[in-house]
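Colleague: I would like to learn how to read aromatic ring pairs in a model of this kind. Could we begin with the overall picture and then turn to the rings?

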Amino acid sequence: MARAWKTAALGGLLAAAIALVWLSESPGAWRTPIRRGERRTLALQAEAGTTVRVSVEQWEINLTLAVVDPDGREVQGGDRGAFGREVLVFEAPSAGEYQLAVQAQKLGSERGAFRVLAVESRRTSPADRAALQGQEKFVRATELDKAGGTERLEKARVLYGDAAALYHSGELVWLEAQSKSAEGRLLELSGRRDKALERYLEALALWNWIGDEFGRMDVLLKIGRLSGHLQRKFPFVPSDEGFLEMWRKVGDRRGIAHMMSAVSAHYRREVKDQRTARRWAEQSIQMAQSLGDASLESRCTESLAGVYVASADYAKALQSLQRILMLNRSLGDERGQSAALGEIGRILTMTGQGAKAIPYLQRQVDLQMKQGDPTAAAEGMWQLTLAYVNLGDRKSADAVQRQEMESYVRRAMQYESFRDRAANLGLAYPFVVPTQRLVSAGRVEEALAHL
């Protein structure tokens, strides 16, 4: 489809730089360095009544885009992912100089680079208004997505779907694919895996059509992960080592480190070759450290901890988990901390160190309750119960299970699985059955009175 787009005029040296980027055949040419947390501002000129689309390539660092109009109003583009391009769409209400802000996130790689791929403008059309509405919905969806919580994530999922439809109307295929992939991820997270697969395949078709390698790799990884849950094989999904070669071709060390970690997991779980798995995990950690990316290092260290657990080297596994806990604390990542605390507590319990496990497991539960994740909190409470049972402390086990019961009742959930698990440990709670009946009838406040 032909589009009446033209190059927007940019001020000063930026105009020359843009022309050179478009003429250059080298993917690494004319990249501008940027450090973690840094904000770069570029001036551009826009005519009144036009819609401007800006496309920026991010390299080994996660960026977001915003534009500030002559009156100081800011339009956000949202975070469309850590790899590939970021795209911003804005309408110019008046002629003048606009400031394009390129913002590096405060977490992730210590340094990276970017280059402006294109700045295009045309008279605002109905399609452009649809694209602008799609961007508003996408930005709102990313805010809800980052905040987490079941209700917010479902609202985000709907908004991603709405954004995809609007981007389709707005002739922004790249952003349509990104929105479908994001909706698929939240569908998968909520357990609707068949629907998630539909969205992933739709996104993949779009990525293939426009030839975006980063988008293809991202959604293929998601489909590959989903295939295990669906117990299906997809021949078009590469192996972990195939993905590693793809990342090496594009040259982004973040992706390379991530896939080294995945290859390590493959050798650990499937091949049962712990020596090779350890070598891949250690290489991934070294690359993450060279990038100064604490979050990536934490994920890669999880693979190493898994190798030590599989090798029954629990002392080294605990050392790795303590490293993960420290990294996530430095990042303020409470979900990462929670996962590390739980694994430390599980290993301590398993190795007969239940008394040492209790503080870790209790801290995990506290974080899970703070995050408003009842499913995770229930599992954390169950692990805490097991630790108390192993110590012979039935009174504390009862107290934790009562806390779990109250947490579930407040969310009007059913308790059959809880009751069965408790019975298996010889823990009998006379309040369970009447409470279940009241919850089933929707009488939550009465149910709480039985606890």
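Colleague: How many helices and strands are there in the chain?

Modeller: Bearing in mind that this is a predicted model, the chain holds 18 helices and nine strands. Of its 451 residues, 51% count as buried, and residues 24 or more positions apart account for 66% of the contacts with a separation of 6 or more.

Colleague: What describes a pair of aromatic rings?

Modeller: The distance of the centres and the angle of the planes describe such a pair. In this structure, a search of the whole model finds eight aromatic pairs. One of them joins F83 and F214, whose ring centres are 6.4 Å apart and whose planes meet at 15°, so the pair is stacked, given that planes under 30 degrees apart count as stacked.

Colleague: Which parts of the chain does the pair of F83 and F214 tie together?

Modeller: F83 lies in the loop between β6 (74-76) and β7 (85-92), while F214 belongs to helix α6 (residues 213-230), so the pair ties together parts that are 131 residues apart in sequence.

Colleague: Is F83 buried or partly exposed, and is F214 buried or exposed?

Modeller: F83 is partly exposed, with a relative accessible area of 31%, whereas F214 is buried, at 14%.

Colleague: Which residues do ring pairs link into a cluster?

Modeller: The cluster consists of W59, F83, F214 and W247. Over the ring of W59 sits the charged end of R31, 4.0 Å from the ring centre; R80, in turn, lies over the face of F138, at 4.5 Å from the centre of that ring.

Note on methods
Residues numbered from 1 in each chain as written. Predicted model: local features only at pLDDT ≥ 70, side-chain atom pairs only at ≥ 80, totals over all residues. Heavy atoms only, no water. Phe/Tyr/Trp six-rings, centres within 6.5 Å; stacked < 30°, edge-to-face > 60°. Helix = DSSP H or I, 4+ residues; strand = E, 2+ residues; numbered from the N terminus. Buried < 20%, exposed > 50% of the residue type's maximum accessible area, 1.4 Å probe, protein only. Lys NZ or Arg CZ within 6 Å of the ring centre and 35° of its normal. Contact = heavy atoms within 4.5 Å.
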